[in-house]
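Please keep the sequence and the 3D view open beside them.

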Amino acid sequence: MAEWLVIRCKQGENEGVDSLSLWVHEARMSHDLSRDQVLARLRSSREELTRAGVVRLAVFGSVARGEITAQSDVDLMGDFDPSKRLNLFDMVGLELRLAEIVGARVELFDRKMLKLPIQLRAEREAVLAF
Amino acid sequence: MPFRDSQLHLNDILESVKSIEAFTRGMSCESFEADAKTIAAVERKLQVVSEAATRLGDDAERLCPGLPWHNIRGIGNWLRHEYRRVDKTTIWNTVVEGLPPLKTAVVDALRQWRLIGAGERQMVLEQLAASEARLLEVVDGLTAEQWRFRETPERWSIAEIVEHLALFEGFILGAITNALKGPTEDDKKPLAAGKEHLVLGLADARETKFKAREVVRPVGTWSDALELIAELKKARARTVAFAMETKADLHGHFFPHIAFGDLDCYQWLRVLGQHMNRHVLQIEEIKADPAYPPF
């Protein structure tokens with residue numbers, strides 16, 4: 001079966017979204033990435049990412065927990081090199097580049113900006129790429 | 001996208017960047033990070049920048065090539081989510097390093113339109129449309145005798161006036177295009193600036209009559225009335241397209257009017273509207289002549 005046909009409705013957060021087109025759209029963007037694949041892809045681009053100012057990078061959220069669904073974004077949190085003086089445009093660019101590397105939609109977080117209680121949970125489940 | 005929208009979006013970006021500069025003037029990274037109100041104000045203006053960049057669409061890259069437009073659009077998404085609030089230092093870095101190149105590029109892009117503002121362009125387009133509508137109305141449904149009627153043997157018929165208008169339109173647009181190829185003549189600006197009232201008064205000043213230049217004098221090229229009107233509409237459509245699209249420095253290029261001396265190319269566009277109005281008045285005079293053929 002084609003990958004994008006595997007649609008699973010997540011309980012809770014997507015309730016009330018009844019637009020089929022939205023589901024199909026998201027399903028087309030789906031990925032069947034395992035946590036290890038994501039980590040491997042990030043590690044293989046480590047050099048480039050370090051040059052761009054990423055000091056440490058970890059996967060967290062559903063991908064880290066192994067709960068991959070068709071709708072999952074890949075949640076990443078990073079520490080950034082202060083001497084690179086990254087600005088907002090750089091952060092957006094980094095997020096877009098990470099999406100290319102991983103092959104799925106990515107949400108990039110600045111680790112020090114994560115707030116309780118998300119922070120605790122994120123730190124607990126985080127798996128370090130590098 | 002119509003140029004006017006692009007111009008407005010670029011202006012939004014420029015105004016936002018200027019506000020951010022004003023908010024953060026004299027600040028250091030440390031004092032910025034300690035000032036919650038300024039951070040909130042800067043974030044809001046950055047969102048406006050992101051929204052304007054999104055509205056610019058493909059025009060963004062065309063007008064300001066080489067800027068990270070994808071990233072500029074994307075910051076709105078970062079600023080919207082409270083849970084992912086960006087590091088204050090990242091915002092400060094955006095202010096001091098991200099925005100200056102953006103400002104330079106936007107100022108450069110706007111400079112193309114500097115000398116013909118959105119209001120000016122709007123005005124001339126409206127004038128061109130209104131005068132054409134008046135003319136088409138006044139020549140609508142004329143009989144062949146009415147087209148050819150002359151008040152006196154040396155005066156023009158309505159057919160000749162319409163032919164003259166079509167020729168004049170093409171001639172002036174050609175002269176504008178030609179003048180724009182030359183260097184800008186900033187020294188002529190002060191002189192031309194005082195002539196607005198002459199240009200604007202043109203339509204009412206029927207007592208002052210000018211003799212048409214040889215090249216725009218009617219010779220009966222188009223015999224059929226419909227053909228004449230079609231030619232005139234074509235010529236006017238070319239002027240309108242030019243007035244809508246041009247990014248040239250219209251106020252910096254000049255050529256002389258037969259009576260007023262040097263006018264800049266923007267004034268010339270306005271002359272086209274006023275000149276047509278003037279001839280509408282002339283046609284109305286012809287139609288009011290006691291000897292004008294009846295329907």
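1. In chain A, strand S2 (residues 74–80) has 6 of its 7 residues buried, so S2(A) is largely enclosed by the rest of the structure. A residue is called buried if 20 or more other C-beta atoms lie within 10 Å of its own, exposed if 12 or fewer, and partly exposed in between, with C-beta atoms placed from the backbone. Strands (E, at least two residues) and helices (H or I, at least four) are DSSP runs, numbered from the N terminus.

2. This is a predicted model, in which local features need pLDDT of at least 70 and side-chain atom pairs count only at pLDDT 80 or more, while totals for chains, interfaces and linings use all residues. Residues are numbered from 1 along each chain as its sequence is written, and chains are lettered from A and ligands numbered from 1 in the order in which they are written.

3. Strand S1 (residues 54–60) of chain A runs antiparallel to S2(A), joined to it by 6 bridges, and strands count as paired if DSSP finds at least two bridges between them. Within this pairing, Val54(A) stands opposite Phe80(A).

4. With strand S3 (residues 106–110) of chain A, S2(A) pairs in the parallel sense over 5 bridges, and Leu76(A) has Leu108(A) as its bridge partner there.

5. In helix H7 (residues 118–138) of chain B, the buried residues include Val124(B), Leu128(B) and Leu135(B). On the other side of H7(B), Gln122(B) and Glu126(B) are among the exposed residues.
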